[in-house]
Amino acid sequence: MDQSYVINATNIKKHFKNFTLDVPEFKLPQGFATALIGENGAGKTTLLNILTGIRLDYEGQIRYFDKYSEADLNNIPDVKERIGYTGTDNYYLPHWTVGQIEDISSILFDRFHPDKFRKYCNDLAMFGPAGFDKSKKVNALSDGTKTKLMLANVLARDTDLLIMDEPASPLDPLMRDKLCELIRDYINSGENKTVFFSTHNISDMESVTDYAIIMEQGKIVEQGFVEDLKEKYIVVKGEKEDIEKVRPILYTMSQSNYGFEGICLSKDLDKLAGLDIVTETPSLFKISVNVMKKNSLIR
Amino acid sequence: MKKTAYLAFTSFSYRLFCLLMTVAFLVGSLLANVYVGKIAAILLATIMPVMYVFLDFFAFSGTSSRKQRTMNFLKSSYHGTAFFRSALKTDIILKNLFLLSGYLGFIIAEIIYYTDFKSFEESMLMILVYLPITQITTMLTLFISRRLSLTLLAQVSVCYLCSMVSTLLFVIYSFLLPEEMNSVATFVIITFVVLEIIAITLAVVVYKDCAKGYDSSFADT
C-alpha cells in the first residue's frame, strides 16, 4: 500500500546569523504519530513554526493534505482549520483568562467545541477538585497546566493534524502517560488523523511514536518508522579487549573499565563475527541518542 | 452567540474599569466644573491620559513591539490577523470616545449652570483645545508604551510626562491667543481642526503600528 503524506515539503531553508535550517525533503506520513527529535538548537521549533505558518520568512515549498500550497495556508481558511498547533511559551497572552481563551477560540476556529474544551480541562484536572475555572489567568498557571490548557484547546477542535512543540517537557510522568493516551485516542478517532510532535522525552513518548525524525544542526539526519529503525540499528556490547577491533565498525560507542557498548548498523553485524559480543534490539531512545551523538557538535 | 473580537480579547475587568473610569471622569468633571471652576479642565487633561494608558497595560501592553512573540495562538488561526486588528480598532475608537465623555461632564455642567453666553463660549473654546490635546497625549503614549513593552510603572511615568508637556504647551498656547473674542473663536476652531487631524492621524498610526507589530512577528525581520 502506498503511504500518503499529510505534509510534503521540499527545499525548506531558513538562515539565521549562526544557524541554517536546511531540509531538502520532508514528508509527514498520514495516519501516524511522528516524533521530531533533536538536541537543543537543532531547528525543531523553527521547522514546526514554518510548517504551521507561525513563521513565514523561509524558502521552500510545502504541500498540505496533498492539496494545498504554503500560500493557501494563509489564504484558505480550511488549511489552518484542519491543523491544531500547541507551542511552548509565547502562545497565549499572559493576562488572558481561561474564559477569554474559550471565547477567542470560538471566534478563531469554526470547528471549536466549548463543551469539549471544558470537558478536557476537567479531565486533565487543570483546576483541581473545584472544576472548570474560567477566571483563572494564564500567568497564574504552572508550565504544566499551560500545556494542559493548550492540549484541551486543540483537542476541542475538529482537526486532521496535530502539531505540538515539546508537549511532554513541562508535564509530570503521570500526565505524560495521559498525553500518550490522548495522542493514541486522537489517531484512532478517525481515518488519517496525524500527530507530529517534537520531544526530548523520547523514552516517555516511545510507546506512542510510530515514525521518528531526528534532526541535528538544522538538518534531518535520520528518519523512518520506529520498527524499521529498530531493524536498521542494533546494540552491541562486548569486552574491553575488543574495543579497538569494533571501533571502526560501530556507529557510536562508549567504553568503560569493563567493556564497551555501542550501536551499529545491522548490515555491519557480519563484520563483528568471531568476537565475544552480545546484541540486543535498541530502544528509540538509544537510536536517537546515538544518531544525535554521531552528528552533534558536543564532544 | 459569539462575542466580538474586542469583547473576547479584553477581559471583563479591563472593560469594567474602563467603563467605571469613564463614568467617574464624566461625573467628576461635572462636579469639578461646578465646585472648582474651569481650571479643573487642566487636571482632567493631565489625569485622563494617565489613567487610560495605565489600563491599557492590562490588555494591549507590548502588542506592537517588533520583538513580540507572544501570540502564536492567534497566528495558528486563519482568522487570527483579522481578529487582532478588529480588537485593536475597536479599542482605539472606544478610548477616544471615553476621552470625549470626560469632557462631556464639563459641557453638561456648563449647560445646567448656564449664566451668560461669554462664559459658556469660553468653556466650549477651552474644551475644543483640551480634547484633541488629551487625545494626542494618549495616542502618543500608547504608541510608545505598546511599542516598547514598558513595565507598568514606566508606562504610567511616560504618560505622566507626556501629560505634563501637553499641559505646558496649552499654557504657552493660551498666551498666543488674540485679544478680541471673535478672533479667539476663529483661532481656537482652526487650532481644534488642526489638532483633531493630528489626533486622528496618531490614532491611525497607533492602530497600524500594532497591526504591523503583529505582522512582523511572522518573521525575524
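How far apart do the C-alpha centres of domain 1 of chain A and domain 2 of chain A lie?

Author: They lie 34 Å apart. Before going on, a word on the ground rules: this is a predicted model, where local features need pLDDT of at least 70, side-chain atom pairs count only at pLDDT 80 or more, and totals for chains, interfaces and linings use all residues. Residues are numbered from 1 along each chain as its sequence is written, while chains are lettered from A and ligands numbered from 1 in the order in which they are written.

Okay, the domains. Domain 1 of chain A covers 5-224 and domain 2 covers 229-295, with bounds that come from an automatic or database domain assignment. Where they touch, domain 1 of chain A puts in 14 residues and domain 2 of chain A nine; a contact here has C-beta atoms, placed from the backbone, within 7 Å. On the domain 1 side, β3 (33-38), α7 (202-205), β9 (211-216) and β10 (219-225) of chain A each supply at least two residues. Those names are DSSP runs, numbered from the N terminus: helices are H or I with at least four residues, strands are E with at least two. That side has five nonpolar, five polar and four charged residues. Ala, Val, Leu, Ile, Met, Phe, Trp, Tyr, Cys and Pro count as nonpolar, Asp, Glu, Lys and Arg as charged, and the others, Gly among them, as polar.

Now look at α10 (residues 284-295) of chain A. Its twelve residues should span 16 Å at 1.5 Å a residue, and the end C-alpha atoms are 17 Å apart, which agrees; the expected span is 1.5 Å times one less than the number of residues. Among its buried residues are Leu284(A), Ile287(A) and Val291(A). Buried means that 20 or more other C-beta atoms lie within 10 Å of the residue's own, with C-beta atoms placed from the backbone.

There's a bigger link too. The largest nonpolar core holds 129 residues, and draws at least three from each of domain 1 and domain 2 of chain A. Such a core is a set of buried Ala, Val, Leu, Ile, Met, Phe, Trp, Tyr and Cys residues joined through C-beta atoms within 7 Å. Ala152(A) is one of the members that touch the most others. Leaving aside neighbours within four places in sequence, Ala152(A) is in contact with Phe117(A), Tyr120(A), Cys121(A) and Leu124(A).

Methods:
Two residues are in contact if their C-beta atoms, placed from the backbone, lie within 7 Å. A residue is buried if 20 or more other C-beta atoms lie within 10 Å of its own, exposed if 12 or fewer, and partly exposed in between; C-beta atoms are placed from the backbone.
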